[in-house]
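Please read them with the structure open beside you.

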Amino acid sequence: MKKVEAIIRQEKLEELKAAIDREVEISGMTVTQVLGCGAQKGQKTHVRGQEVITTLLPKVNVSFVLDDEAVENVIDLIIELCHSEDYGNGKIFVYPIEEVIRIRTRESGKAAI
């Protein structure tokens, strides 16, 4: 089992959710609003005539716990939908999951996903 965590642009979330529902069989996802910076180094805006550089930009963190077989499909889908030539598209992280336990039923492993 693996955890796939993608930090993406906010405007891509609904499109990603719809594509995941259509194309990949998963049992759930977790979505968190986050702030961050990377190669984009923030953005310049003007407030009351003054230049303001915002270094922490709003993003969305989407997490999935998946069977190993589904990981590449989800990664490919995220890249396909969230890619552009601009900075700030986000990152994908993949972590090994040692164990999953469903609290309600005490099921573990694949049955708990």
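1. In this predicted model, four strands make up an open sheet whose order is E2-E5-E1-E6, and their pairing is antiparallel. Strand E2 and strand E6 (90-96) are the edge strands, each pairing on one side only, and neighbouring strands are turned against each other by 20 degrees on average when direction is ignored.

2. Within the sheet, E1 and E5 run antiparallel and are joined by seven bridges; Ile8, for instance, has Val60 of E5 as its bridge partner.

3. Helix H1 packs on this sheet, where it touches E1, E2 and E5, and its direction makes about 15 degrees with that of E5. Helix H2, for its part, lies across E1, E5 and E6 and runs at about 5 degrees to E1.

4. In H1 (residues 13-23), the buried residues are Leu13, Leu16, Ala19 and Ile20; seen down the helix axis they fall within an arc of 130 degrees, so they line one face of H1. Their cover includes strands E1 (2-8), E2 (30-36) and E5 (57-66) as well as helix H2 (68-82), whereas the face turned away from the buried side carries the exposed residues Glu14, Asp21 and Arg22.

5. The largest nonpolar core has 20 residues, of which Val4, Ile8, Phe64, Val74 and Ile78 touch the most other members. E1, H1, E5 and H2 each supply at least two residues of this core, and the largest share, eight residues, comes from H2.

6. Phe64 deserves a separate look: leaving aside neighbours within four places in sequence, its contacts include Val4, Ile20, Ile26, Met29, Val74 and Ile78.

Key:
Residues are numbered from 1 along each chain as its sequence is written. This is a predicted model: local features need pLDDT of at least 70, side-chain atom pairs count only at pLDDT 80 or more; totals for chains, interfaces and linings use all residues. Side-chain values use heavy atoms; hydrogens and water are left out. Buried means under 20% relative accessible area, exposed over 50%, partly exposed in between (1.4 Å probe, protein chains only). The arc is that of the directions from the helix axis to the C-beta atoms. Contact means heavy atoms within 4.5 Å. A nonpolar core is a set of buried Ala, Val, Leu, Ile, Met, Phe, Trp, Tyr and Cys residues joined through side-chain atoms within 4.5 Å. Two strands pair if DSSP finds at least two bridges between them. Axes are lines fitted to C-alpha atoms, for helices over the stretch in contact, and angles run from 0 to 180 degrees between N-to-C directions.
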